[in-house]
Amino acid sequence: MKRKIVFIGNSIVNGFPFKRSQCFVSLIREATKWDVINKGNNGETTADILTRFDRDVISHAPDTVFIMTGTNDFIYKEASPKGAFDNLMIMVQRARAEGITPVMLTPVPVNAEMASRLWMSGAGINYDDVNAQLEELTQLIKASDIEYVDLNDAYKSCGLYHDGIHPLPEGHSFIADTIMNFIHK
């Protein structure tokens, strides 16, 4: 049976700054031949994604939704880890109410030194603080009853970044493989 999966999230889900065909969502679609829908939007926070969750996930009636977000919440200082987690929990509840299995993708850590030079340099962003908040969000996800794929920990062994925030195409391949291992476990 052909599965239907929606991936929703920020620019990492979208594949920025590379061709969408190079992002992990497209690689999973190609590998499985399932109906895999990419609903990644650049620059979005958990609040932004929550706002469009019904339109971009519920309306598609997938079997599973993979949710990856949080980095922009902390870069833009729009939410605490607990606030971001609360938004994620609302998405999880909405998905479950519709019979959709939610799976969290813990956020990829940032390369603080590289991001300070190449991503919004001069904006005064403390990327070490961003990483600490991403880790705190990851721990909240792990302590919940939500299924998850721990990309926060896994990506530390990969560490292939375009700009300290966004994975290189090889990083997207690593993420795709990590998610495929979860799907096929």
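How many disulfides does the count come to by the distance rule? A disulfide is taken here as a pair of cysteine sulfur atoms within 2.5 Å, and by this rule the count comes to 0. The structure is a predicted model, in which local features need pLDDT of at least 70 and side-chain atom pairs count only at pLDDT 80 or more, while totals for chains, interfaces and linings use all residues. Residues are numbered from 1 along each chain as its sequence is written, and side-chain values use heavy atoms, with hydrogens and water left out.

Two cysteines illustrate the result. The closest cysteine sulfur to that of C23 belongs to C158 and is 15 Å away, so the pair is too far apart for a bond. Burial (under 20% relative accessible area, with exposed meaning over 50% and partly exposed in between, using a 1.4 Å probe and protein chains only) applies to both residues: C23 has a relative accessible area of 1%, and C158 has 17%.

The overall fold comes next. Helices (DSSP runs of H or I, at least four residues) and strands (runs of E, at least two) are numbered from the N terminus. The protein chain holds 9 helices and 5 strands, arranged along the sequence as β-α-α-β-α-β-α-α-β-α-α-β-α-α. Its C-alpha trace spans about 50 × 30 × 25 Å along the principal axes. The radius of gyration is taken over C-alpha atoms, and the globule rule is 2.2 Å times the number of residues to the power 0.38. For 185 residues a compact globule would have a value near 16 Å, and the 15 Å of the protein chain agrees with this.

Of the 185 residues in the protein chain, 53% are buried. Contact means heavy atoms within 4.5 Å; among the contacts with a separation of 6 or more, 76% join residues 24 or more positions apart. By the Shrake-Rupley method with a 1.4 Å probe, where for residues only the protein chains shown count as cover, the protein chain exposes about 8,000 Å², and carbon and sulfur atoms supply 49% of that area.

M114 lies in helix α6, which covers residues 112-118, and counts as buried at 18% relative accessibility. Beyond its neighbours within four places in sequence, M114 is in contact with W119, Y161, H162, D163 and G164. H172 stands 58 residues from M114 along the chain, and their C-alpha atoms are separated by 18 Å.
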